[in-house]
Amino acid sequence: MIVCSCNVLTDTNIKDIVNSGTCPRTPGAVYKCLGCSPSCGRCIATLRNIINETLAAETSPAEMPCRTSRELNVA
Ligand code: FES
C-alpha cells in the first residue's frame with residue numbers, strides 16, 4: 001500500500017527500514033534512510049503509526065520468553 005504518494009513509499013518500505021539494522025524511529029529518520037524527504041506532510045501520521053506498530057511487533061508478548069509465576073514473584 002502506498003503511504004507517501006509524494007515519494008511513492010509503501011508500508012513495506014517503511015516496515016523494512018524500521019526492521020533494518022539502522023532502525024530509524026522517527027518519520028524524519030525513515031525519510032532520510034530511504035533517501036527522500038517529506039513534501040506535503042500528509043503521510044506523517046500514517047508513517048508514525050506504521051513505525052510504532054512495527055516497533056511494537058518487535059517486542060510483542062508472543063515473542064517474549066515465558067516466565068513462571070515464581071519468576072514473576074506472584075502467588
Ligand atoms: S504524501 Fe508523504 S510527503 Fe506528501
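User: Leaving aside neighbours within four places in sequence, what is Cys 4 in contact with?
Analyst: Leu 9, Cys 43 and Leu 47, once neighbours within four places in sequence are left aside. Keep in mind that this is a predicted model.

User: Which residues make up the largest nonpolar core?
Analyst: That core has 12 residues, and Cys 4 is one of them. Leu 9, Cys 43 and Leu 47 belong to it too.

User: Back up a bit. How many helices and strands are in the chain?
Analyst: Three helices and two strands. Along the sequence the pattern reads β-β-α-α-α.

User: OK, H3. How many residues, and what does it reach from first C-alpha to last?
Analyst: H3 covers residues 44–58, which is 15 residues. It reaches 21 Å, close to the 21 Å expected at 1.5 Å a residue.

User: Which of its residues are buried?
Analyst: Leu 47, Ile 50 and Ile 51 are the buried residues of H3. They sit on the same side of H3, because they cover an arc of only 100° around the axis.

User: Why would residues three or four places apart point the same way?
Analyst: An α-helix has 3.6 residues a turn, so residues at that spacing point the same way.

User: And what's exposed on the other side of H3?
Analyst: Ala 45, Asn 52 and Ala 56.

User: What do the buried residues of H3 pack against?
Analyst: Against E1, helix H1 (11–18) and helix H2 (27–33).

User: Now H1. Which residues are buried there?
Analyst: Ile 14, Ile 17 and Val 18. They line one face of H1, because they fall within an arc of 100° seen down its axis. They pack against E1, E2, H2 and H3.

User: Different topic. Which residue has a positive phi although it is not a glycine?
Analyst: Val 8, with a phi of about 55°. Most residues other than glycine have a negative phi.

User: Where does Val 8 lie?
Analyst: In the loop between strand E1 (2–4) and strand E2 (9–10).

User: Buried or exposed?
Analyst: Val 8 counts as exposed, because it has 10 C-beta neighbours inside 10 Å. The cut-off for exposed is 12 or fewer.

User: Whole chain, then. What share is buried?
Analyst: Buried residues are 17% of the 75 in the chain.

User: And of contacts between residues at least 6 apart in sequence, how many join residues at least 24 apart?
Analyst: 46% of them.

How values were computed
Residues are numbered from 1 along each chain as its sequence is written. This is a predicted model: local features need pLDDT of at least 70, side-chain atom pairs count only at pLDDT 80 or more; totals for chains, interfaces and linings use all residues. Helices (H or I, at least four residues) and strands (E, at least two) are DSSP runs, numbered from the N terminus. A residue is buried if 20 or more other C-beta atoms lie within 10 Å of its own, exposed if 12 or fewer, and partly exposed in between; C-beta atoms are placed from the backbone. The expected span of a helix is 1.5 Å times one less than its number of residues. The arc is that of the directions from the helix axis to the C-beta atoms. Two residues are in contact if their C-beta atoms, placed from the backbone, lie within 7 Å. A nonpolar core is a set of buried Ala, Val, Leu, Ile, Met, Phe, Trp, Tyr and Cys residues joined through C-beta atoms within 7 Å.
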